[in-house]
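The sequence and structure come next.

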Amino acid sequence: MDDLTAIGDLLAGETPVTWVFAGDSIVQAARWTAGARGYAELFSERVRYECGRSMDAVINTGVSGWRGADLAAHLDHAVLRHAPDVTVIGVGTNDAKDLSVTEFRAVITPVLDRVREAGSRVVLQTPVPGAVAAIPAYAEAIRELAAERGAALVDHHARWQEADSRWYGDPVHPNAEGHRVMAGTLIDALGVPGRPIASDS
């Protein structure tokens, strides 16, 4: 069973689910939201309150500046100790500054294997477009990796082809409005029920 189908079954069931979000400053929702909720928090609100899954746990271990290698080095503490049912990974923006796609895949593939071996389903996210020239190639590599490994895919990069400056806090990081867009993309991709997330755009 692929991860997207399995996540749908988890959402339809009554057993509480542990969701772990791991990755970089965009996952963390550091600084550029000006104190507003990041997309992981908006996801938590949808799942735990609006969907009535109050005993689900949504844990965010994102760290500003992290790359795939940081996630690999700290995987036990950032992810595995929480025994997640679903792990939502968001890295690539920092890697794309100076790491080839081939090198990135060599780093992140063992991470996926370890997460899977621990019993977690995997959600891979493409980075939003930004000032880093290699990001489109990274987005395509992440799409390919999700297809190869049966991971669920959240394609923020494709959604943000229509982006404007109102979604950005700086040329790389989403602001509060951008995080609302990201939350909506995540919720739609995973098939979480409920109303659309409000957007100012």
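## A residue in strand E5

Where is the place of Ala152? Ala152 belongs to strand E5; helices (H or I, at least four residues) and strands (E, at least two) are DSSP runs, numbered from the N terminus. The model is predicted, so local features need pLDDT of at least 70 and side-chain atom pairs count only at pLDDT 80 or more, while totals for chains, interfaces and linings use all residues. Residues are numbered from 1 along each chain as its sequence is written, and side-chain values use heavy atoms, with hydrogens and water left out.

Ala152 has a relative accessible area of 2% and is therefore buried. Buried means under 20% relative accessible area, exposed over 50%, and partly exposed in between (1.4 Å probe, protein chains only). Leaving aside residues up to four places away in sequence, Ala152 touches Asp3, Leu4, Ile7, Val122, Val123, Leu124 and Leu190; contact means heavy atoms within 4.5 Å. Ala152 and Leu4 are 148 residues apart in sequence, yet their C-alpha atoms are 4.7 Å apart in space.

## The sheet

Five strands form an open sheet with parallel pairing, in the order E2-E1-E3-E4-E5. Two strands pair if DSSP finds at least two bridges between them. Strand E2 (57–60) and strand E5 (152–154) are at the edges with a single partner strand each, so one side of each has no neighbour in the sheet. On average, neighbouring strands are turned by 20 degrees against each other, direction ignored. Axes are lines fitted to C-alpha atoms, for helices over the stretch in contact, and angles run from 0 to 180 degrees between N-to-C directions.

E1 and E2 pair in the parallel sense over 4 bridges, and Val20 has Ile59 in E2 as its bridge partner. E1 is also joined to E3, by 5 bridges and again in parallel; here the partner of Trp19 is Val86 in E3. Between strand E3 (residues 86–90) and strand E4 (residues 121–125), which run parallel, there are 4 bridges, and Val88 is partnered by Val123 in E4.

## Helices around the sheet

Helix H1 (residues 3–12) packs on the sheet and touches strand E1 (18–23), E3, E4 and E5; its direction makes about 115 degrees with that of E4. Helix H9 (residues 176–190) also packs on the sheet, touching E1, E4 and E5, and its direction makes about 150 degrees with that of E5.

In E1, 6 of 6 residues are buried. Thr18, Val20 and Ala22 point one way from E1, and Trp19, Phe21 and Gly23 point the other way. The buried residues of H3 are Tyr39, Ala40, Leu42, Phe43, Ser44, Arg46 and Val47. These buried residues of H3 pack against E1, H2, E2, E4 and H9.

## Aromatic pairs

Rings of Phe, Tyr and Trp (its six-membered ring) pair if their centres lie within 6.5 Å; planes under 30 degrees apart count as stacked, over 60 as edge-to-face and the rest as tilted. By this rule there are 6 aromatic pairs. The pair of Phe104 and Tyr138 is tilted, because the ring centres are 4.8 Å apart and the planes stand at 45 degrees. Phe104 is in helix H6 (residues 101–117) and Tyr138 in helix H7 (residues 135–149), so the pair links distant parts of the chain, 34 residues apart. Phe104 is buried at 2% relative accessibility, and Tyr138 is buried at 1%.

One aromatic cluster is formed by Trp19, Phe21, Tyr39 and Phe43.

## Positive phi angles

Ala29 is not a glycine, yet has a positive phi of about 65 degrees. Ala29 lies in the loop between helix H2 (25–28) and helix H3 (39–50) and is buried, with a relative accessible area of 15%.

Ala83 also has a positive phi, near 50 degrees. Ala83 lies in the loop between helix H5 (75–78) and E3, and is exposed, with a relative accessible area of 52%. Gly52, which follows H3, has a positive phi near 75 degrees.

## Cavities

The whole structure holds 3 cavities of 30 Å³ or more. On a 1 Å grid over the protein atoms alone, a cavity is a set of points where a 1.4 Å probe fits but cannot get out; lining residues have an atom within 4 Å of a point. Grid points are joined across faces, edges and corners, and a volume is the space filled by probe spheres set on the points.

The largest cavity contains about 100 Å³ of space. Its lining has 13 residues, of which Asp24, Ile26, Gly90, Thr126 and Pro127 lie nearest the centre.

How values were computed: 1 Å grid on protein atoms, 1.4 Å probe; cavity = no way out; pocket = protein on both sides within 12 Å on 5 of 7 lines; lining within 4 Å.
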